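The sequence and model are shown first.

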Amino acid sequence: MLTFHNVCSVPSSFRLTGIPGLESLHIWLSIPFGSMYLVAVVGNVTILAVVRVERSLHQPMYFFLCMLAAVDLVLSTSTMPKLLGIFWFGAGDIGLDACLGQMFLIHCFATVESGIFLAMAFDRYVAICNPLRHRMVLTHTVVGRLGLASLLRGILYIGPLPLMIRLWLPLYKAHVISHSYCEHMAVVALTCGDNRVNNVYGLIIGFLVLILDSVAIAASYVIIFRAVMGLATPEARLKTLGTCTSHICAILIFYVPIAVSSLIHRFGHCVPLPVHTLLANFCLLIPPILNPIVYAIRTKQIRERLLQIPRIKMKIR
């Protein structure tokens, strides 16, 4: 590690603290976090497998659900194995480039997930407001392009963040990150240079993703609800709204924790650091855990396919 003026240095690695202030409880915290990670992996892999096997689910909504499951696997896997390593073995060391890579994966795929929710809202809009053209508009090619556009948007939005840190902010006043993963603001707070550009860019990206995407999704559902209220019978209204329930639940599961965590990070200076760190981890774990559960409960085809598994095992025995 090179040192300048006995204050700032160029680190080759950082040390993640895990949950700061709760180090004595790390081994106990590993039990719920490890269990939640296992549930997230099993749930999302199951969704991918069921949609792949069940041909009746080869529709735009379920293709988007598969994209969502893949993104959730990346989000949870980019943080949880390292966190469990810290809990079990105290393995908090992480290289500078690995830290920036983790930062990119977390923020990039959170942005991708928001884009997929936007694409799913468009799918529900076309399916309900213009059902006769749904198959024509949302072909497999269009669905693939929407998924690719979400991925490219995430890369374009988040790619500059680690590059700006690597090129413009090479010096650090400390190499201990009081967090369980390389969160952007936690890393930037350790730099010695002028980090205002990074802070402003982060705010702009947060506005573009969190605010604009949620506003666009809300606008699409206002139109959808107006169309549903125009249906002739209450039964038809409930049946149509039922197709949107899973999506609405998934949106709330994703956006509400992120919004709360962002507000606490920016303005909740009186909130204890362990609370903020735990909430940040829950933001990356709650959607991967709950999304498969919500869609399994609310989607008849997925639920029926999952219920067939125990029956098949009984027949084999």
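## Val74 in H2

Val74 is found in helix H2, which covers residues 60–77. The model is predicted. Val74 has a relative accessible area of 28%, and because buried means under 20% and exposed over 50%, Val74 counts as partly exposed. Its C-alpha atom is separated by 8.1 Å from that of Ile106, 32 residues apart along the chain.

## Helix H1

Helix H1 runs over residues 26–53, 28 residues in total. From its first C-alpha to its last it reaches 40 Å, close to the 40 Å expected at 1.5 Å a residue. The buried residues of H1 include His26, Leu29, Phe33, Tyr37, Asn44 and Ile47.

## Largest pocket

The largest pocket holds about 880 Å³ of space. Its lining comprises 35 residues, and His107, Glu183, Gly206, Ile258 and Ser262 lie nearest its centre. Two or more lining residues come from each of H4 (96–129), H8 (184–188), H9 (196–229), H10 (234–267) and H11 (273–298).

H10 gives the most to this lining, with ten residues. By class, the lining of the largest pocket has 23 nonpolar, ten polar and two charged residues.

## Second largest pocket

About 570 Å³ of space lies in the second largest pocket. It is lined by 22 residues, with Gln59, Met61, Tyr62, Arg124 and Thr243 the closest to its centre.

H2, H5 (134–137), H10, H11 and H12 (300–316) each supply at least two residues of this lining. The largest share, five residues, comes from H10. By class, the lining of the second largest pocket has seven nonpolar, ten polar and five charged residues.

Conventions. Residues are numbered from 1 along each chain as its sequence is written. This is a predicted model: local features need pLDDT of at least 70, side-chain atom pairs count only at pLDDT 80 or more; totals for chains, interfaces and linings use all residues. Side-chain values use heavy atoms; hydrogens and water are left out. Helices (H or I, at least four residues) and strands (E, at least two) are DSSP runs, numbered from the N terminus. The expected span of a helix is 1.5 Å times one less than its number of residues. Buried means under 20% relative accessible area, exposed over 50%, partly exposed in between (1.4 Å probe, protein chains only). On a 1 Å grid over the protein atoms alone, a cavity is a set of points where a 1.4 Å probe fits but cannot get out, and a pocket is an open set with protein on both sides within 12 Å along at least five of seven lines; lining residues have an atom within 4 Å of a point. Grid points are joined across faces, edges and corners, and a volume is the space filled by probe spheres set on the points. Ala, Val, Leu, Ile, Met, Phe, Trp, Tyr, Cys and Pro count as nonpolar, Asp, Glu, Lys and Arg as charged, and the others, Gly among them, as polar.
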